[in-house]
Amino acid sequence: MYIIAGLGNPTGKYEKTRHNVGFDCIDYIAGKYGISVNETKGKALVGTGYIDGVKVLLVKPQTYMNLSGEAIQKLAAFYKIDPEEELLVVYDDISLEPGQIRIRKKGSAGGHNGMKNIIQLLGTQNFERVKIGVGEKPAGWDLADFVLSRFSNEDRELVEEAIGHAAEAVTLMIKGETDTAMNQFNSKGKK
């Protein structure tokens, strides 16, 4: 089984913010494959289903972003999955423009507190991830205020397209076609 976790903050207050594009991607995948993500397990909302014959657990941690690892680590232990083989995390990235996605097989947290917590609690950074661009913080803005803000209508359209691309990439990645996904999507959306 593959755990596909999208990062974000719970409650309606944070819906459609930059920091919640991981949740938005899980919602998109859930809708596309008819998976209901409404069961509470540990510190997450989860839904089990199949994507192209692969059993998946879609996960939306309910711990708030900076403690995302608490939910993911508990689920990985409960389902006895190897994070280095069966975990994929989708999250926001301020170093990418809205509309861009970046697929990585492993890597550091890159300053993302949710990812820092996941890496710390899993004890590895060797797991796959899909980063969705949310744009660079404007000069003078506080980073927390920026990632908790919403997109302009124009940027939201680009992000919705990127979420669709991220979902396509996830489908390839869980079937072992990460290189194909990287070739297909890592250059998409560049201005």
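In what sense do β6 and β7 pair, and over how many bridges?

Hi everyone. What we have here is a predicted model, where local features need pLDDT of at least 70, side-chain atom pairs count only at pLDDT 80 or more, and totals for chains, interfaces and linings use all residues. Residues are numbered from 1 along each chain as its sequence is written, and side-chain values use heavy atoms, leaving out hydrogens and water.

Now, the answer: β6 and β7 pair in the antiparallel sense, over four bridges. Strands here are DSSP runs of E with at least two residues, helices are runs of H or I with at least four, and both are numbered from the N terminus. Two strands pair if DSSP finds at least two bridges between them. In general, strands of a sheet pair through backbone hydrogen bonds, either parallel or antiparallel.

Let's zoom out. Seven strands make an open sheet with mixed pairing, in the order β2-β3-β4-β1-β5-β7-β6. At the edges sit β2 (39-41) and β6 (101-104), each pairing on one side only.

Next, look at Lys131. This residue is the bridge partner, in β7, of Arg102. Its side chain also meets that of Asp93 in a salt bridge, 3.6 Å from N to O. By salt bridge I mean a side-chain nitrogen of Lys or Arg within 4 Å of a carboxyl oxygen of Asp or Glu. Lys131 lies in strand β7 and Asp93 in strand β5, so the pair ties together parts that are 38 residues apart in sequence.

Are these two buried or exposed? Buried means under 20% relative accessible area, exposed over 50%, and partly exposed in between, using a 1.4 Å probe and protein chains only. Lys131 counts as buried because its relative accessibility is 16%, and Asp93 is buried too, at 12%.

Arg129 is also found in β7, which spans residues 128-133. Arg129 is buried but has no salt bridge, and the nearest side chain of opposite charge, Asp93, is 8.8 Å away. For charge, Lys and Arg count as positive, Asp and Glu as negative, and His and the chain ends are not counted. The side chain of Arg129 does reach the backbone oxygen of Ser108, at 3.3 Å.

Finally, how many salt bridges does the structure hold? Eight. One of them joins Lys43 and Glu70, with the closest N and O atoms 2.8 Å apart. Lys43 is in the loop between β2 and β3, while Glu70 is in helix α2, 27 residues apart.

Key:
A polar contact is a pair of N or O atoms within 3.5 Å; within protein, one must be able to donate a hydrogen and the other to accept it, and residues adjacent in sequence count only if both atoms are side-chain atoms.
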